[in-house]
Structure formats: C-alpha cells, structure tokens
Amino acid sequence: MDEKGLPEERVLEILEEFRSRDMTYTSGRILGSMCTSSHPLARRVYCDFLESNLGDPGLFRGTRELESCVIGMLGELLSEPAAAGHIITGGTEANLMAMRAARNMAGADKPEVIVPKSAHFSFRKASDIMGLELREAELDRDYRVDVGSVREMISDNTVAIVGVAGTTELGRIDPIAELSDICIEEGVHLHVDAAFGGFIIPFLRDAGFKLPEFDFKLPGVSSITIDPHKMGLAPIPSGCILFRDETYLDAMSIETPYLTEKQQSTIVGTRTGASAAATWAVLRHMGRSGYRELALRVMAVTSRLNEGLKDLGYEPVIEPELNIVAFNHPSMSPEKLASRLEEMGWAVSVSACPPAIRVVVMPHIKVEHIELFLDDLKTLI
Ligand code: 0PR
C-alpha cells in the first residue's frame with residue numbers, strides 16, 4: 001500500500017481499465033454461465049442495504065424481517081409455506097448447510113452421503129470439510145440418477161440422499177418422487193439441489209410444461225437449495241437453503257453469547273442483508289407471472305438454439321428439459337470446438353458427462369445472440 005492515497009477520480013479510472021477486461025452478460029457472449037444480469041431494482045436495493053449485517057440481526061430487525069419474508073415466499077413456491085431457512089451466499093453454502101443438518105440430525109459414526117454422479121462439486125467440498133463419505137450413484141441413459149444404484153448404496157451410515165432438480169451440466173431433473181419414497185422408507189434425509197431449477201421448474205409447471213414434482217409436496221423431501229442469483233435475477237451473492245421445519249436449523253445452531261441473537265445456524269457469521277433485501281424486492285416486483293414469462297422466454301430461445309443446431313448438423317446430446325443445451329460437432333472434439341468458439345468471442349463451457357459443449361440459456365441471452373452464434377457455428381461445420 002502506498003503511503004499517500006490517490007484521488008478518487010484516479011482510483012475510478014484505474015478500476016475502469018480493469019473492468020473493461022471483464023466480459024459482460026449484456027454482450028450476449030457469456031453462454032456457459034448460470035449467473036446473469038441482475039434486475040436493476042434488485043441492484044439498487046442491494047446498494048441501499050449494503051451495511052446491514054444479518055450476523056447480528058437484533059441490530060437490523062427490518063432486514064431480518066425481509067429475510068423471513070423471502071423464506072416464506074420461497075417456501076410457498078416450493079409447497080411448504082412454513083419452511084425454515086436462510087438467504088446465504090449461494091448453492092455451495094446451501095448444500096454445505098443441508099449436509100451439516102442431515103449429519104447432525106442422524107448422528108451416525110461414519111456418515112455417508114449418496115449423491116448422483118451428476119451432482120455439483122460443492123458436495124465434494126462438503127465431504128472434505130465435514131468428513132462425509134461420498135458415494136456416487138450411477139446415472140441412467142437419460143442422465144438422471146439411477147434409483148436402483150441409490151438403493152444399493154444405502155447403509156446404516158447413510159445420513160442423506162441427494163437428488164438434483166436441474167443438473168449443472170444438462171439441466172436434468174432426477175426422479176425426486178422415487179427418492180422421496182426411498183427416504184421415507186429408510187428414514188433418511190432427502191436433500192434436493194434445485195439451485196438452478198428452483199427458479200424455473202415451478203413456473204414452467206404453472207405454464208403447463210410436463211415436469212415432475214421435486215419440492216416439499218413430496219413428503220420425503222427434508223431440504224431444498226434454491227438460488228436467487230441464478231434464475232431468480234438477484235445479485236451475486238444470493239443463495240437460499242430451505243428446511244421442512246425449524247428443527248433442522250436447531251440441529252446445527254451454535255451459541256453466540258454476546259450477539260443480539262443467542263443462536264446461529266448459518267456457517268457464515270457476519271453476512272450481508274443486502275442479498276435478502278434485493279431478493280425480496282425482485283420477488284415482489286416480478287411476481288409469479290413475471291417469472292413465468294421469463295421462464296417461457298428462455299425456453300423459447302432454448303428451442304430456437306436446439307433446432308438451429310440440428311439444422312446445421314450438430315448433435316444435441318439430449319432434448320432439453322430446462323434451458324440448457326448440450327451438443328457436439330459431428331467430428332470435432334468439444335474442447336477443440338470450445339476453443340474455436342472462444343477465438344470467435346463466445347464463452348461456452350464444456351461438460352464432462354457426457355463430453356459436450358454446454359450452453360446455459362440465461363435471461364441475458366436473446367434470440368439475436370443465438371442467431372449470431374448459429375451463424376458462427378455454420379462456418380465450423
Ligand atoms: N448446485 C447446482 C446444481 C449448481 O449448478 C451450482 C453451481 C451449485 C449448486 C453451486 O452454486 P454456487 O456456485 O452459487 O455456490 N453451478 C454453476 C457451476 O458451478 C455455477 C456457475 C455460475 C458456473 C456462473 C459458471 C458461471 O459463470 O457450473
């Protein structure tokens with residue numbers, strides 16, 4: 001650090017130079033991300049609540065109330081208005097909290113967790129941090145978890161089974177209803193990772209899409225991850241963990257003697273209330289109808305991409321269920337294709353299972369961007 005500080009203007013100038021090297025969502029060139037431009041209202045509210053700290057909620061009673069309202073609204077969206085939970089940093093923290101609650105509730109000697117092979121890598125972090133043995137269940141031909149494989153892995157030490165509603169790579173929805181039956185039968189915690197799908201599946205179902213149930217309506221579901229900073233249009237960091245009731249939070253609460261709140265269940269201590277306030281704002285402003293329109297719009301763009309790819313001779317690996325398209329070139333490897341596309345200014349990602357180019361059709365991707373993308377893909381075929 002320099003002894004003498006710089007004038008504000010100079011600091012901002014330098015920062016602008018750094019920022020100009022970042023990609024932007026609005027360019028339509030970020031095709032492999034699950035984040036997107038946040039809603040302008042959410043952004044404004046985020047700044048207004050920047051100093052609020054939900055780690056000491058007695059000082060920020062209004063903001064705490066906003067967090068409770070968001071938990072109520074998202075609980076209702078996911079069929080359990082009395083759900084308990086928190087607004088946190090994202091899907092990783094939500095999954096960590098779910099695994100921690102499940103482990104503490106079960107009290108097994110050598111806790112094991114069964115996750116689909118398609119589960120997000122945050123479960124590997126949870127396993128490492130908490131000493132959980134991770135058992136990876138096989139997928140079926142449609143890349144959904146194979147329920148038979150899950151059954152075979154259950155032991156006396158199983159503390160949780162995880163199902164994904166909207167997998168990271170393909171947007172697949174696991175057979176959560178079947179997992180729910182198993183978990184009731186076995187008395188095991190079922191955690192549903194709907195970090196991505198939580199803000200789109202309910203709205204597509206409202207609009208008549210034939211998508212399976214995945215939420216608290218299924219009696220075996222104990223917890224759900226749903227991320228406002230993915231399809232919810234909230235600013236980063238905004239995640240949400242919901243539990244069927246308060247007992248799961250109690251199972252991991254720690255005493256906080258000198259704070260205004262005597263118990264804390266979150267992993268993070270000092271934590272912003274801005275995410276809760278911004279999420280509250282965007283939920284109230286969009287309403288169900290706003291999110292339904294958004295969901296239909298991204299699915300229309302997804303279909304256009306999927307059809308355009310087939311017309312050009314590319315090979316989609318599945319028919320998209322949600323707004324993720326994964327496809328291959330008839331002869332070029334996905335890595336090679338990704339780097340050719342990068343040279344053309346497109347940031348796509350490459351999925352591992354199966355190997356493919358993966359495009360997440362987030363709200364910032366418009367039909368005109370897809371047309372330009374298809375034009376470029378045409379030159380590579
Ligand atoms: N669960 C699922 C199903 C996810 O897809 C993700 C993230 C998480 C949990 C973890 O969420 P956080 O990253 O909020 O902790 N899925 C994307 C991924 O890791 C996130 C992402 C976002 C990746 C933006 C790239 C990007 O540009 O692939």
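Trainee: How do the residues of the shell around the ligand divide?

Mentor: The shell holds 5 nonpolar, 9 polar and 2 charged residues. Ala, Val, Leu, Ile, Met, Phe, Trp, Tyr, Cys and Pro count as nonpolar, Asp, Glu, Lys and Arg as charged, and the others, Gly among them, as polar. The model is predicted, so local features need pLDDT of at least 70 and side-chain atom pairs count only at pLDDT 80 or more, while totals for chains, interfaces and linings use all residues. Residue numbers start from 1 along each chain as its sequence is written.

Trainee: Which of the 16 residues around the ligand come nearest?

Mentor: Ser-33, Gly-90, Gly-91, Thr-92 and Thr-168 come nearest. A residue is near a molecule or strand if its C-beta atom, placed from the backbone, lies within 6 Å of it.

Trainee: What gives the most to the shell around the ligand?

Mentor: Helix α4 does, with 3 residues. Helices (H or I, at least four residues) and strands (E, at least two) are DSSP runs, numbered from the N terminus.

Trainee: Why is α4 called oblique to α5?

Mentor: The axes of α4 (residues 91-106) and α5 (residues 122-130) come within 9 Å and cross at roughly 45 degrees. That angle makes α4 oblique to α5. Under 35 degrees counts as roughly parallel, over 145 as roughly antiparallel, 65 to 115 as roughly perpendicular and the rest as oblique. Axes are lines fitted to C-alpha atoms, for helices over the stretch in contact, and angles run from 0 to 180 degrees between N-to-C directions.

Trainee: What is the handedness of the crossing of α4 and α5?

Mentor: The crossing of α4 and α5 is right-handed. A crossing gets that name if the near helix is turned clockwise from the far one by less than a right angle, and left-handed if anticlockwise. Among the residues making the contact are Leu-96 and Met-99 of α4, and Phe-123 and Ile-129 of α5. Two residues are in contact if their C-beta atoms, placed from the backbone, lie within 7 Å. The residues of this contact divide into 6 nonpolar, 4 polar and 3 charged.

Trainee: What makes α2 roughly antiparallel to α10?

Mentor: Helix α2 (residues 40-48) and α10 pack at about 150 degrees, with axes 8 Å apart. The angle is what makes α2 roughly antiparallel to α10. The crossing is right-handed. Leu-41, Ala-42, Val-45 and Tyr-46 in α2 meet residues of α10 including Ala-274, Val-282 and His-285. The contact of α2 with α10 has 9 nonpolar residues, 1 polar and no charged.

Trainee: What is the order of the 4 strands in the open sheet?

Mentor: The order is β10-β11-β13-β12, with antiparallel pairing. Two strands pair if DSSP finds at least two bridges between them. β11 (residues 324-328) and β13 (residues 355-360) pair over 4 bridges.

Trainee: What makes β10 and β12 edge strands?

Mentor: Each pairs on one side only. Helix α10 (residues 274-312) lies across β10, β11 and β13, at about 10 degrees to β11. Helix α11 (residues 334-343) lies across β11, β12 and β13, at about 40 degrees to β13.

Trainee: How do you know that the peptide bond from Ile-236 to Pro-237 is cis?

Mentor: Its omega is near 0 degrees. Pro-237 is in the loop between β6 and β7. Another cis peptide bond joins Cys-353 and Pro-354, with omega about 0 degrees, and Pro-354 lies in the loop between β12 and β13.
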